Amino acid sequence: MKAAAFLYPWDVVGDPDAAARIADLGVRQVTLASAYHSTRALTPRHPRHRIVTAEHAAVLYPPGAARWAGRELRPYAAGEWAPGDAYGEAAAALEAAGLDVHSWVVLAHNSRMGAEHPATSVVNAYGDRYPWAPCVAQPAVREYLVSLAAEAAVRPGARGTELESCGWYGAAHLHAHDKIAGVALDDAAQYLMSLCFCPACREGYRTRDVDPGRLAASVRDALEPVWHGHGAPVRPLEGHLAKAVLEFRTRTARTLQEAAVAAVRAAAPEGFQVLLHADPEAHHCGANAGVDPAHILSVADGVVVPCAGGPQLLEPFAAHATDRTVLAANFTVVTGMGGAPAAFAAAAAKAASLGATELRLYHAGLASDADLALLRPALP
């Protein structure tokens, strides 16, 4: 089964041995970040550094001046962590080592945009802004994301792309020095805390005969037991309110995904593969966008499915797959990040039995030598 490893450009640029080391793992493809959010990343084998701090969301190549001229929302160039065309330099080295390169594009996750353009952010039922989460119901945000998808995906030499965060982002977010674990939020609470009440979303609720003020009050009432910390269950939204809100959010995400994929295909050469990082529960938010499996597989060439907690999320997608569908099972293979590289072979076999056609290794650049050594025997 084809396996691909995720990498950042800074894992490769400046390390003359990086590309050959990845090829020696036995993978056939690298999914290389071309647009990424802020992060602090370990580089355990790089000859020049051990920690890379990407200070803000950025494109890791020179953005096209003509494409972005006159736009208020535009991508930020990277700083010293990925200067110039870091993506292009890394891609060239990987291709020279015999690896296929696909781009990795993070979309609706951008804290710098939220800081500089606060009106673009998701706003919860309490009025708190999530600056890391651009609201995908806002026309200007949608226009930006679709343009970014096309530019960042179709880089010279790329044979395909993987679009991450192509949908709603919400409360769940590993932010700087997070201090939000004092009260556990279950799936229902996470959903309610992720509902947006910016002006665009308020208008969207009204079009579905939902009063946004009443909805916000209902959300706060439903969450009230959670804050007392006694294990009381969330009181979920019910009836027309629940249905209308989910329909609005699902429709909003679907149309963004359709537009992003169409824009990528319009800019790409024939045969260019488009995958989405996806979760089969439509109400879920985050890097793996909540989708309807049947719909998304009619739009994209396939999906990359999170399997860190087991490969069971593959099954809803497999039920709608054809012989041309890519179902990539994404496994964390870094022990320090909760991965289990020693169990990778068994996990991959289980994923294949549930319909996986490809494997993803998250993240070859972050993994220790010991983790990589455990992976080699499990890869062709």
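Residue numbers start from 1 along each chain as its sequence is written, and side-chain values use heavy atoms, without hydrogens or water. Because the model is predicted, local features need pLDDT of at least 70 and side-chain atom pairs count only at pLDDT 80 or more, while totals for chains, interfaces and linings use all residues.

**Aromatic pairs**

Rings of Phe, Tyr and Trp (its six-membered ring) pair if their centres lie within 6.5 Å; planes under 30 degrees apart are stacked, over 60 edge-to-face, and the rest tilted. The count comes to 14 aromatic pairs.

Trp104 belongs to strand β6 (residues 100–106) and Tyr362 to strand β14 (residues 358–362). The two residues are 258 residues apart, so this pair links distant parts of the chain. Helices (H or I, at least four residues) and strands (E, at least two) are DSSP runs, numbered from the N terminus. Both Trp104 and Tyr362 are buried, meaning under 20% relative accessible area, with exposed over 50% and partly exposed in between (1.4 Å probe, protein chains only). Ring pairs also join Trp104 and Tyr362 with Phe6, Tyr8, Trp10 and Tyr36 in a cluster.

Phe331 sits in strand β13 (residues 326–332), and Phe344 in helix α13 (residues 344–353). Their pair ties together parts 13 residues apart in sequence. Phe331 is buried at 6% relative accessible area. Phe344 is buried at 2%.

**Charges over rings**

A charge sits over a ring if NZ of Lys or CZ of Arg is within 6 Å of the ring centre and within 35 degrees of the ring normal. Arg155 has its charged end over the ring of Tyr61, 3.8 Å from the centre. Arg249 does likewise over Trp168, at 4.1 Å.

**Helix crossing**

Which angle do the axes of α6 and α10 make where they cross? Helix α6 (residues 139–153) and helix α10 (residues 239–267) cross at roughly 35°, their axes coming within 8 Å. Axes are lines fitted to C-alpha atoms, for helices over the stretch in contact, and angles run from 0 to 180 degrees between N-to-C directions.

**A loop histidine**

His117 lies in the loop between α5 (111–116) and β7 (121–123). His117 is buried, with a relative accessible area of 17%.
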